[in-house]
Amino acid sequence: MVLVALLGLVLFLMYNAWQADYVKPQPAAAASAAAAPVQDAKAAAAGATDVSPGVAPSQQHLRVQTDLLLADIPLAGGGLDRVELSGYAVDKKHPDEKLALLDDRGEQRFFLISGIAGTDSPLSSAQTNFTSAQTDYKLADGADTLDVPMEYADPSGYTVRKVYHFKRGSYEIGLTQTLVNKTGKPLQGSAYERFLRSPPVAASGPSFMRTPGGFAGIGFYQQKEAGGSYAYHKTAFKDLDSKPIEQKQNGGWMSLLQHYFVTAIVPAQDQAVTFTASRSSSAAYNGLYQAQALGDLQTVADGAEKAFDSKLYIGPILQGAALEGVAPRFDLIEDYGVLTIVAKPLFTVLKFYHGLTGNWGWSIILLTLSVKLLFFKLSEAQYRSTAKMKKFGPRMQELRERYGEDRERLNKAMMELYKKEGFNPLAGCWPLLVQMPVFFALYWVLNQSVELRQAPFILWMQDLSGPDPFYIMPVLYGISMWSQQRLSGQTATMDPTQQKIMNIMPIFLTGLFLFFPVGLVLYWLVSNLINIGQQQFITRRLAREEARKSGKLDARELKELKKDAAPKPEAKK
């Protein structure tokens, strides 16, 4: 079983490395033709088609600053070209360089366009030149909201007003697009919001040396029925080439997910809307992925006006109450896969400990200790089984020497030995299997929680989400694993080949953990140290029980054993 597991792990790592090093991504021009009809139809309906030849849009931008965001709004189109998150640095080495979640300046483009589509031509689009009363907007001290208005007056008589609504302490951005009709005839329009972004760039180096990141793709909250039944779907960016999304419904939302962060479009929940996501094939945005919300066509009578309201979320995937109220079930973006039901309570406990200590590193240690205490009885059963297996070591070695290469007779003799002694060699595996879901869930909590991104611990460990710069923690982990193997004697009953593999495992995992976040290595190191302590405690208890059975206990040990075994007062009563 050990050989099969190790072989599977090696093959998996080799396959990932081969995919990263030799399989080239599909060129943008070769995107599936299946995506084109959906994209072209929605682009035409929204009136946000390619940039017209010879049109030179205004280069003026609005600068908007709140306590959490720094936004760049181009007056050409009135979209969002750049949004910096003031509380998140690009990396620990450049704390003053803030992370731009949206950015249309470099090769990796990620931005928002919005407008009002018409029946024959766009009423406002990415090429519409808006005007604004000022170029700098800042959230005033003591103010809770900040509105950024823009306006476009068309020669035909209609006016489009666009207002962004920012709030203190929030990553939500409200957007109101108002159509004022003074053309002398009715106008029909549909408001839309569309995110466009370049395909994600994979981290450099072989895949087995990379820290596992979050899901990169589209998160879509879909209404199935008019009665309010919903479903949440995720589609990786690469899958949009062949499986574009198109869904008409009331309310819902669509998000673009990446490791730690999310951008989302949340239309008015009582309005009909068509969500689409695909690879763009237009000349202006060729190769970019797009996610769009397009409202139903509305008629605005002459002399009347119509406001189209929507909301954006551009920020971190914070846990718990921080996402409540953004949209119905917006907490679904806190995704830990099939282990979500276990992972979320673990994060709640981790956050509780952070409230006590103010340090995520100490919180990880306390959480690890809590998990180990919770499963102490299971660990005790496991160590008891290991101790019994160690006891049979000499006898099993004798059987190996007696039967040599005759595997059939050797296995038969071992089964007879187990049956005679009343011992099940698999008994020690079940407690470990029960604990595995918790361990994997905790792994994903530590890896996916933005709260731990660039979080400091102590000494040289100033970024729990990054690898150890001096490789001290992985080496300590390898030493702890080697020590645990020696103390448990778990290799004593293995054949020579299995022993060699188990001896290599601490070295193999040390090399693998060199590239893992310090927070994850800290969890495994503390877990190993606790295992060693539990193992020593349980082993001494078993030794005393064996000594009592054989009558070799001295008076002090016998007194302590009776004290441990004495029933509680409640039990006596």
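This is a predicted model: local features need pLDDT of at least 70, side-chain atom pairs count only at pLDDT 80 or more; totals for chains, interfaces and linings use all residues.
A residue counts as buried when its relative accessible area is under 20%. Glutamate 334 has a value of 7%, so it is buried.

**Around glutamate 334**
- Glutamate 334 pairs with lysine 344 in a salt bridge, with 3.7 Å from N to O.
- Since glutamate 334 sits in the loop between strand 19 (305-316) and helix 3 (340-357) while lysine 344 belongs to helix 3, the pair ties together parts 10 residues apart in sequence.
- Lysine 344 is partly exposed, at 25% relative accessibility.
- A network of salt bridges links Arg329, Asp331, Glu334 and Lys344.

**Two other salt bridges**
- Lysine 248 and aspartate 296 meet through their side chains at 3.5 Å, N to O.
- This pair ties together parts 48 residues apart in sequence, because lysine 248 is in strand 13 and aspartate 296 is in the loop between strand 17 (289-295) and strand 18 (298-300).
- Lysine 248 is exposed at 54%, whereas aspartate 296 is partly exposed at 27%.
- Glutamate 172 and lysine 167 form a salt bridge of 3.7 Å, N to O; glutamate 172 is buried at 12%, and lysine 167 is partly exposed at 36%.

**Glutamine 249**
- Glutamine 249 lies in strand 13 (residues 245-250) and is buried, with a relative accessible area of 6%.
- Its side chain reaches the backbone oxygen of tyrosine 221 at 3.2 Å, and a polar atom of that side chain lies 3.0 Å from the backbone oxygen of glycine 251.

Technical notes
Residues are numbered from 1 along each chain as its sequence is written. Side-chain values use heavy atoms; hydrogens and water are left out. Helices (H or I, at least four residues) and strands (E, at least two) are DSSP runs, numbered from the N terminus. Buried means under 20% relative accessible area, exposed over 50%, partly exposed in between (1.4 Å probe, protein chains only). A polar contact is a pair of N or O atoms within 3.5 Å; within protein, one must be able to donate a hydrogen and the other to accept it, and residues adjacent in sequence count only if both atoms are side-chain atoms. A salt bridge is a side-chain nitrogen of Lys or Arg within 4 Å of a carboxyl oxygen of Asp or Glu.
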